[in-house]
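Visitor: I would like to learn how to read the packing of helices and strands. Could you take me through it step by step?

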Amino acid sequence: MSSPGPTPRPALAVSCEGVARTFGRGERAVVAVHGSSCEVPFGARIAIVGPSGSGKSTMLHIMAGLETPTAGRVSWPGLPATDAERRAQIGVVFQSPSLVPALTVAENVALPLVLAGVPDAEAEERVTEALELVQVSELATQLPEELSGGQAQRVAVARVLASRPSLILADEPTGQLDRANGQHLVDVLLATAEELDAALVVSTHDIEVADRLKDRWLMHEGRLNTDEAWLNHSRAPRGPQASATTVGDRR
Ligand SMILES: Nc1ncnc2c1ncn2[C@@H]1O[C@H](COP(=O)(O)OP(=O)(O)OP(=O)(O)O)[C@@H](O)[C@H]1O
Ligand SMILES: [Mg+2]
């Protein structure tokens, strides 16, 4: 008789149902995200594109569990139920690299591993590998203040890759890179997601980067559109985009 084997994990890394996020109150309230729903399976390779201020970062922070939605529901069916364990499986590349100034590049990449209790020898191996992947090995002993914006961005990506997450959320990870380095970084993110069987969501202004991912979603005035039909429309020339909607403006 064959054994039943391990229970397969649910296929969704993250699910959002009608999520919204408002910042501030009253007249000054800004609806950064509203009425947005999506499902991100582990095999997903998704680009979120949209104009500045349309809510991409806020949406990614909601998916990461870093921002609590003011309405709707976010859940992580395929990730651990406890907050700490789940957080350890979600890797966020922030739009601003946010490296710890007093630590070297290698120490910055090692930090989440040390905090997670990864043994020293394994942590060292993972740090070396991650720095090689994003082609910044020679910067291992530098301090963040000695890095260019693009180098810091690559180190921030290395820090996420080294922690081997199951859900990778990268907020404009190529924003400060030239075309060749940007394309290489996308290669690395795609290869890592494949190797880890992770879900990958990348926000970007760059349509060339978006085209490298399997699916493209549009964020527009705080609303996430997961239907690809917008794509041709969005590439046609058009007038200036509005940014986020203020509550007072809406009706
Ligand atoms: N902490 C905050 N407090 C107040 N307003 C905020 C906050 N975070 C974001 N917003 C507002 O929410 C809206 C959406 O911001 P968000 O950063 O999500 O946009 P974005 O699409 O990531 O923009 P960009 O492409 O410039 O990074 C903006 O109007 C922004 O000013
Ligand atoms: Mg942003």
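Visitor: At what angle do helix α4 and helix α5 pack, and how far apart are their axes?

Guide: This is a predicted model, in which local features need pLDDT of at least 70 and side-chain atom pairs count only at pLDDT 80 or more, while totals for chains, interfaces and linings use all residues. Residues are numbered from 1 along each chain as its sequence is written, and chains are lettered from A and ligands numbered from 1 in the order in which they are written. Helices (H or I, at least four residues) and strands (E, at least two) are DSSP runs, numbered from the N terminus. Axes are lines fitted to C-alpha atoms, for helices over the stretch in contact, with angles from 0 to 180 degrees between N-to-C directions. Here α4 (residues 120-133) and α5 (residues 149-162) pack at about 135°, with axes 9 Å apart.

Visitor: What word describes how α4 and α5 lie to each other?

Guide: Angles under 35 degrees count as roughly parallel, over 145 as roughly antiparallel, 65 to 115 as roughly perpendicular and the rest as oblique; α4 and α5 are therefore oblique to each other.

Visitor: Which residues of α4 and α5 meet?

Guide: Residues are in contact if their C-beta atoms, placed from the backbone, lie within 7 Å. R126, V127, A130, L131 and L133 in α4 meet A158, L161 and A162 in α5.

Visitor: What is the strand order in the six-stranded sheet?

Guide: Two strands pair if DSSP finds at least two bridges between them. This open sheet runs β5-β6-β7-β3-β8-β9, with mixed pairing, and its edge strands are β5 (90-93) and β9 (223-225). Strand β8 (residues 215-220) pairs with β9 in the antiparallel sense over three bridges, and H220 stands opposite R223 in β9.

Note on methods. Contact = placed C-beta atoms within 7 Å.
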